[in-house]
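Try each task before you read its solution.

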Amino acid sequence: MNFQDRLADILWRMQEARLDLVIGLHDGAHFIEKPNPVMVLSGFKSLGAAASVLHADGRLTTIVTPAWDAERVGDANAGIGIGAVGADDIVAGIQDALGGAVPMSTGIAGFRVLPSRIADRIAAAFPNAVAADKLVFDAARTKTIEEIADARAAARIAERGYHHLLAVARPGMSEDDLAVELKWHMKSLGADDNFLLLCASPHNRAVQPSNGRKLQTGDIILAEITPSVNGQLTQICRTVVVGKPSDELARKYALVVHAMDRGIEAAKPGVAMGQVCRAINAVLEAQGYGEYCHPPHIRRRGHGLGFGSMRPGDVALDNMTVLEPDMLFMIHPNQYLPETGYLLCGEPVVMTQHGAEPITTEKAALASIAA
């Protein structure tokens, strides 16, 4: 599926829903867990508040703020032919693009995550609009060939970033300095954004953002590395020991990797996502860790990869989404174990006709740096 195929799918869904117009809205505050209908409709990651306006006849206009950012829409979508309009106010920009007319049947995607300063005005301008989130994001449940290519490029950057971490991390270096070094290195490799969790402790309770603590011998470094290329995120989860890992830590990490492998094997077309989570849990439950396979210790075993669409959603027991080729998501059995603390292990996968294919070149393995 390419970008035009997705638009055709959305237009078909609009016809089924009897909608004359769909407006995708985003406030420009990008976050790994926040779906972005403007990116789904236009392929564009805005700097500020933005909207994509899709008419039932196929006309598509993207409105961006600040106004001078309109030039980037054309640069980012060369060959797609999406019209771009710059505006200083997103609501006024949408109204201007519609010529002041409000179609009888309008759907809005992204309304529920808008800040009130925008949401209140949109509600007043389109009082009869219905929610169109499901319509837009169902069409984006699978990735386009462009998004998959970008995900693979981001995976290469993530892996090179991880190798840079191994090269520069040392005792006495602060978590913050290591995080900045890692982000800067990946940006120099072409990442346009990065969601990074990085922390260290002899016994981590969870993975979290860096806090300035200095690395010490015996620390376990947790790194959730998530760069994006052209707005498409890819994530890897890695664990590194400062010094020589204990035999127990090596065994427990091998157990978590084994659980991840079973999850990847379980992910096949036609299988519900919940089954992937169940396969991971089964490995840990068999070793007596059933208590730690549920909240408050763990909520999910992976997730979709945005910034555009988060489909197919979380790798969680209650997710009944049926897997299909070209779905892209993260499988990470990230797990707290009482003997070792929290351990990170995870790979991004793309669904094929035969099953889940990791898009990394090296599988997670326990690593160490010199003390």
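## Exercise 1: The overall picture

The protein has 10 helices and 17 strands, and the model is a predicted one.

Task: work out how compact the protein is for 371 residues, using its radius of gyration.

Solution. Start with the radius of gyration, which is 22 Å. Next, take the value from the globule rule, 2.2 Å times the number of residues to the power 0.38. For 371 residues that rule gives 21 Å, close to the value for the model, so the protein is as compact as a globular protein of that length. Along the principal axes, the C-alpha trace spans about 70 × 40 × 35 Å. Now look at burial: 56% of the 371 residues count as buried. Finally, turn to the contacts with a separation of 6 or more: residues 24 or more positions apart account for 67% of them.

## Exercise 2: An open sheet and its edges

Task: find the order of the strands in the open sheet of 4 strands, and say why one side of β11 and of β16 is left without a neighbour.

Solution. Reading across the sheet, the order is β11-β12-β15-β16, with antiparallel pairing. β11 (302-304) and β16 (356-358) stand at the edges and have a single partner strand each, so one side of each lacks a neighbour in the sheet. From one strand to the next, the twist averages 30°. Then zoom in on β15 (residues 347-351), which is joined to β16 by 3 bridges. In one of the pairs to look up, V350 has E357 in β16 as its bridge partner.

## Exercise 3: The helix across the sheet

Solution. Find α9 at residues 247-266, lying across β12 (328-331), β15 and β16. Its direction is at about 155° to β12. Then look for its buried residues, which include L249, Y253, V256, M260 and I264.

## Exercise 4: A covered strand

Task: decide which residues point each way from β10, and whether they are buried or exposed.

Solution. Begin with I236, R238, V240 and V242, which point one way, while C237, T239 and V241 point the other way. All of these are buried, so 7 of the 7 residues of β10 (residues 236-242) fall under the 20% cut-off for relative accessible area. Next, trace the pairings. β8 (residues 220-229) runs antiparallel to β10, with 6 bridges, and L222 has T239 as its bridge partner. β17 (residues 367-369) runs parallel to β10, with 3 bridges, and there V240 is partnered by A367.

Notes: Residues are numbered from 1 along each chain as its sequence is written. This is a predicted model: local features need pLDDT of at least 70, side-chain atom pairs count only at pLDDT 80 or more; totals for chains, interfaces and linings use all residues. Side-chain values use heavy atoms; hydrogens and water are left out. Two strands pair if DSSP finds at least two bridges between them. Helices (H or I, at least four residues) and strands (E, at least two) are DSSP runs, numbered from the N terminus. Axes are lines fitted to C-alpha atoms, for helices over the stretch in contact, and angles run from 0 to 180 degrees between N-to-C directions. Contact means heavy atoms within 4.5 Å. Buried means under 20% relative accessible area, exposed over 50%, partly exposed in between (1.4 Å probe, protein chains only).
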